[in-house]
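Student: Could we go through this structure together? I would like to know which side chains meet inside it.

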Amino acid sequence: MSRDQYTFVNPAELYADFDPQKQHQPEPGLDAELTPKADLGEDTYRGTGRLAGRKALITGADSGIGAATAIAFAREGADVAMSYLPEEEVDASRIAGILQDAGVTVVTLPGDLKDPGYCRSLVERSVEGLGGLDIVVNNGGKQVFNEDLTTLDDQQFDDTFKTNVYAMFWITKAALPHLKPGSTIINTTSIQAYNPSETLVDYASTKATINTFTKALAQQLAPKGIRVNAVAPGPIWTPLQVSDGQPQDKLPTFGEQTPIGRAGQPAELAPAYVFLASPESSYVAGETLNVNGGSPTP
Ligand code: NAD
Ligand code: MG
């Protein structure tokens with residue numbers, strides 16, 4: 001490894017050759033087809049035992065932020081159960097291989113988060129496959145832009161809420177009986193929760209809900225020793241963005257409006273999840289950790 005996440009760098013100059021062009025993939029999109037390739041930390045993330053022996057379920061673990069988090073968790077010593085859609089097998093099996101190389105137990109559990117039965121069985125099969133559960137990362141998400149509310153169909157509105165909000169509820173509820181004190185729950189919200197784009201009315205609303213769900217539930221579970229927190233990414237280069245997350249003509253300048261002046265890479269999100277998952281954040285609960293290139297937040 002020439003560089004790792006601890007190497008002293010100028011963050012504004014990191015990824016200086018990143019130059020995305022217009023491109024399109026059908027939903028859910030694949031990292032395998034993304035150009036340029038996203039940095040998931042495959043070649044840079046160095047574990048130091050921060051999650052040794054932990055057991056994590058991560059949704060959307062095949063690609064993007066979830067995959068970078070899965071790689072980091074495994075290299076920090078956690079066993080990982082991966083949720084993703086069956087059509088993402090090519091991405092998921094590559095990531096599963098990287099996790100296995102880290103020497104941890106990996107369970108792959110494809111299915112549809114919109115299905116409450118899948119969400120419940122996902123938790124049960126994670127517990128079975130890993131021999132317990134003490135980290136839940138609700139990260140799977142749907143984002144499809146729409147320019148005019150009168151053309152935002154009920155199906156999309158429903159699917160976006162089911163994937164982003166209901167699945168988090170179903171999974172968290174099913175996981176709670178298994179989570180002993182010290183366990184951690186991390187939800188993926190977004191800068192869209194408080195700085196919404198005009199084209200993401202449905203998506204941004206789900207992210208505001210996730211933020212509030214996190215802060216309410218954190219108070220309920222803190223006395224039980226279970227910490228609930230959220231990570232709020234800014235513009236991050238993932239398959240979600242090229243599968244109608246953004247209009248295609250926004251992709252060449254994606255992320256350039258941030259103070260750091262560029263899009264973030266999934267690898268830059270993983271340390272935030274590691275921090276919130278590990279006992280080093282023992283007094284942090286109900287917090288939203290923004291990883292957004294410096295855009296001001298409430
Ligand atoms: P991504 O496409 O790599 O990951 C999203 C994952 O969600 C997919 O890989 C897929 O496995 C999963 N998913 C979607 N619908 C599903 C369904 N019905 N059933 C099962 N799994 C399903 O993109 P990403 O950007 O890494 O997204 C991860 C999270 O980060 C999402 O919650 C997204 O809203 C959030 N986020 C992303 C950005 C960004 O700029 N990329 C910014 C803020 C928040
Ligand atoms: Mg994917």
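Tutor: We shall look at the nonpolar cores, then at the aromatic rings, and then at the charged pairs. Please keep in mind that this is a predicted model.

Student: Fine. Which residues of the largest nonpolar core touch the most other members?

Tutor: They are F73, M82, I95, L99, V231, W237 and Y273, and the core holds 49 residues. In soluble globular proteins, nonpolar side chains tend to be buried together.

Student: Which elements give two or more residues to this core?

Tutor: Those elements are β1, α1 (64-75), β2 (79-84), α2 (89-101), β4 and α7. The largest share comes from α1, with 8 residues.

Student: What does F73 touch?

Tutor: Leaving aside residues up to four places away in sequence, F73 touches L51, A56, I58, A78, V80, I135, V137, Y273, V274 and A277. Y273 is also one of the core residues that touch the most other members.

Student: And what does the second core include?

Tutor: The second core is separate and has 25 residues, including A81, V123, L217 and V228.

Student: On to the rings. How many aromatic pairs are there?

Tutor: The structure holds 4 aromatic pairs. One of them is formed by W237 and F254, with ring centres 6.3 Å apart and planes at 55°.

Student: Why is that pair called tilted?

Tutor: Planes under 30 degrees apart count as stacked and those over 60 as edge-to-face, so the rest are tilted. The angle between the planes of W237 and F254 is 55°, so this pair is tilted.

Student: Where do the two residues lie in the chain?

Tutor: W237 is in the loop between β6 (227-233) and α6 (239-245), while F254 is in the loop between α6 and α7 (270-277). They are 17 residues apart, and the pair links distant parts of the chain.

Student: Is W237 buried or exposed? And F254, buried or exposed?

Tutor: W237 counts as buried, at 0% relative accessibility. F254 counts as buried as well, at 7%.

Student: Which ring has the charged end of K162 over it?

Tutor: It is the ring of Y166, and the charged end of K162 is 5.6 Å from the ring centre.

Student: Changing topic: how many salt bridges does the count come to?

Tutor: The count comes to 11 salt bridges. In one of them, R50 pairs with E280, and the closest N and O atoms are 3.0 Å apart.

Student: What about R54 and D134?

Tutor: Their side chains meet in a salt bridge of 2.7 Å, N to O. R54 lies in the segment before β1 and D134 in the loop between α3 (116-130) and β4 (135-138), so this pair ties together parts that are 80 residues apart in sequence. Both R54 and D134 are buried.

Student: Which residues are linked with them in a network?

Tutor: K180 is linked with R54 and D134 in a network of salt bridges.

Student: Lastly, what is the distance between E268 and R262 in their salt bridge?

Tutor: The distance is 2.8 Å, N to O. E268 counts as partly exposed at 28% relative accessibility, whereas R262, at 11%, counts as buried.

Key
Residues numbered from 1 in each chain as written. Chains lettered and ligands numbered in written order. Predicted model: local features only at pLDDT ≥ 70, side-chain atom pairs only at ≥ 80, totals over all residues. Heavy atoms only, no water. Phe/Tyr/Trp six-rings, centres within 6.5 Å; stacked < 30°, edge-to-face > 60°. Helix = DSSP H or I, 4+ residues; strand = E, 2+ residues; numbered from the N terminus. Buried < 20%, exposed > 50% of the residue type's maximum accessible area, 1.4 Å probe, protein only. Lys NZ or Arg CZ within 6 Å of the ring centre and 35° of its normal. Salt bridge = Lys/Arg side-chain N within 4 Å of Asp/Glu carboxyl O. Core = buried A, V, L, I, M, F, W, Y, C linked by side-chain atoms within 4.5 Å. Contact = heavy atoms within 4.5 Å.
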